[in-house]
Every structure is written in C-alpha cells, then in structure tokens.
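Here are a few notes from my look through the model. Have it open beside you as you read.

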Amino acid sequence: MENFLNIGNTSVKNFNKLHNDVFIKMENENPTGSIKDRSVWYMVKDILDSSKTENKSVHFVIASSGNAGISLAYLCKVLNHKCTIFVSKDIEDPKYRILKKLEAQVIKCSGETSTLPGGWVYESLKFYNELGSINKHYIDQFDNKLNIEAHYASTAPEIFSYFKKQSKPLDYIFLGIGSGGTAVGIQKYINEHNYPTKVIVCDPIGGIIYDSYYGHDAEYVDHNIEAISDSFIPNNVDNLNQFYEVIRMSDSIVYDGRTQLLKDALVLSGDVASFVYASMIEYIKSHNLKDKTMLLLNTEEGFR
C-alpha cells in the first residue's frame with residue numbers, strides 16, 4: 001500500500017472469551033476509518049495508472065452503503081478528482097455527513113431494493129451511462145477482481161504473518177459478506193497456502209447468503225446491518241461453498257455485540273463487527289468450542 005495514504009498494516013488486539021483466544025484486526029485504523037480503503041485504493045489506482053487518465057481529471061461513480069463511498073470521496077479529495085456516490089435513503093447519518101464534508105456529490109435513492117429502479121446500484125449505473133463521453137469510470141465493487149486482490153495481497157498476508165510471528169495457529173475467521181472482496185480474498189489466500197483456517201460467514205436474518213449457501217429458495221427481507229448481505233450475491237463471490245460454513249442470526253444481536261466487544265476488548269465497533277462478534281459468541285456456545293484461536297475484523301469505526 002502507498003505510504004502517503006497510510007492504508008493497511010493495521011494493528012491486532014487479543015483477549016480471551018469463553019476459553020478461546022480471540023483476535024480482532026483493527027481495520028478502523030485505515031485513513032477513513034474502514035477496511036474499504038484497501039479495496040477502493042486498489043481499484044482507483046489501477047484506473048489512474050492507465051495511460052487514458054494521465055494528467056486528466058476523472059469522474060468516478062460508485063454505489064455504496066457508505067464506507068466504500070467515503071473511501072472513494074477521500075481519495076478523490078486527496079488526488080483532485082470528482083466523484084458521485086449513490087446511497088440508500090436509509091444511510092446512517094454519520095456516513096452521509098462525512099461524504100458531504102469530503103465534498104462528494106451524494107445522491108440518496110428511494111428504492112427498497114438496490115438493483116431495481118430507484119435502488120442505489122440501479123440508479124448509479126443509469127447515471128453513469130448517461131454521463132456521456134467525459135473521462136468517467138464506474139467503480140463496481142461487487143464485480144471487480146481488484147477488490148478481491150486487495151485483500152488477497154494485503155489483508156490476508158497481514159493476518160497470517162501476525163499469527164506466524166505469534167507462533168499460533170488460526171482456527172477460525174468470522175466475517176460478513178458485503179461486496180465479497182474481503183471474504184473471497186482471504187479465502188483464496190487460505191486455499192493457496194493450504195492453511196486449515198475455517199472461514200465462517202455471518203448472515204443476518206433477511207439476507208440471502210445463508211439460504212443460497214444451503215440451496216434453499218432465498219427471499220431478501222430488509223435488515224438493519226448496513227454494508228453486508230444485500231439483496232443479491234455479489235459476482236465477486238462465484239462460489240459460496242468455498243467457505244466452511246454460513247450461520248444466520250437476528251440483526252438485533254448487534255446491540256449486544258457492540259456492548260460486549262467494548263467490555264471484552266475496549267473496542268468501539270461498527271455494526272458489522274458488532275454483529276459478527278455476537279454471532280461468533282453464539283457459535284462458540286453452540287459448538288462448545290474451547291482452546292481455539294479465532295479472528296474477526298473491526299471493519300469500520302464505531303462512531304458510524
């Protein structure tokens with residue numbers, strides 16, 4: 001990662017929970033406070049490195065629940081480019097205010113389903129296609145090999161390098177799936193290095209990942225965990241069965257997860273990490289796990 005952007009190389013905290021060794025990677029330490037800085041920088045850098053954009057201002061367009069949009073807005077502010085961010089009408093207010101402070105053009109969409117008319121993904125593509133022949137680029141975080149590559153090349157090596165230095169095995173990684181880049185990039189790294197680490201995907205009730213994984217008919221019902229489990233399976237996730245297991249929990253556990261993680265590790269977590277942590281605790285209890293080593297990612301700062 002570029003040093004001047006200070007992306008990556010985030011710290012790890014460690015604590016004990018229910019007779020297991022738990023680690024949390026502090027992705028909130030990235031410049032804009034989320035893990036999305038890694039993947040968005042990979043995607044933007046690839047575009048800017050091409051000869052087509054040399055010495056030209058670029059207009060970037062993205063659909064985002066907030067964090068990827070904030071990462072893009074930050075990069076555009078630093079590198080003097082323009083961006084338009086399409087978000088849900090229900091975007092959390094702190095994320096919206098950060099986007100506005102970064103001087104991004106932000107368009108709230110009214111649709112309930114992101115990929116249908118009125119939805120943020122649909123409307124972002126419509127807007128992009130109508131921009132004309134200006135120097136424009138659409139950041140498709142849901143279908144982009146560079147999103148996966150960012151986590152394969154940076155997040156995963158950082159994780160396993162840490163555990164190698166600690167002379168510890170890593171038994172489990174718990175995470176959610178949003179654009180799919182983090183989960184697939186880490187799983188790809190695990191597969192290629194033949195690590196025994198099991199990736200457990202945590203899905204809120206209402207999301208379609210759990211049912212899709214087990215081959216059931218899946219119907220999306222809106223839930224309250226932004227940034228994971230949208231109404232579609234991202235193209236980045238070409239095979240859900242690559243993951244060891246998918247578990248499903250109520251979105252209401254996010255509140256217990258936030259309180260518990262603050263108590264256990266003095267970490268102020270965002271909704272995703274709070275949900276994943278509470279799901280992990282339930283998994284430990286239901287499987288009677290002891291003396292295992294597990295990791296989750298604090299994917300965004302808790303102030304959001």
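This is a predicted model: local features need pLDDT of at least 70, side-chain atom pairs count only at pLDDT 80 or more; totals for chains, interfaces and linings use all residues.

1. Numbering runs from 1 along each chain as its sequence is written, and side-chain values use heavy atoms, without hydrogens or water.

2. Have a look at S34, in the loop between β2 (20–25) and α1 (36–48); helices (H or I, at least four residues) and strands (E, at least two) are DSSP runs, numbered from the N terminus. S34 counts as buried because its relative accessibility is 0% (buried is under 20% relative accessible area, exposed over 50%, partly exposed in between; 1.4 Å probe, protein chains only).

3. A polar atom of the S34 side chain sits 3.1 Å from the backbone nitrogen of K36. Beyond its neighbours within four places in sequence, S34 is in contact (heavy atoms within 4.5 Å) with E27, N28, N67, S71, T299, E300 and R304.

4. On to α4 (residues 120–129), where W120, V121, S124 and Y128 are buried. They are on the same side of α4, because they cover an arc of only 100 degrees around the axis (taken from the directions from the helix axis to the C-beta atoms). Their cover includes β3 (59–63), β4 (82–88), β5 (105–109) and β6 (136–139).

5. Last, L262 belongs to helix α8 (residues 253–265) and is partly exposed, with a relative accessible area of 39%.

Technical notes. A polar contact is a pair of N or O atoms within 3.5 Å; within protein, one must be able to donate a hydrogen and the other to accept it, and residues adjacent in sequence count only if both atoms are side-chain atoms.
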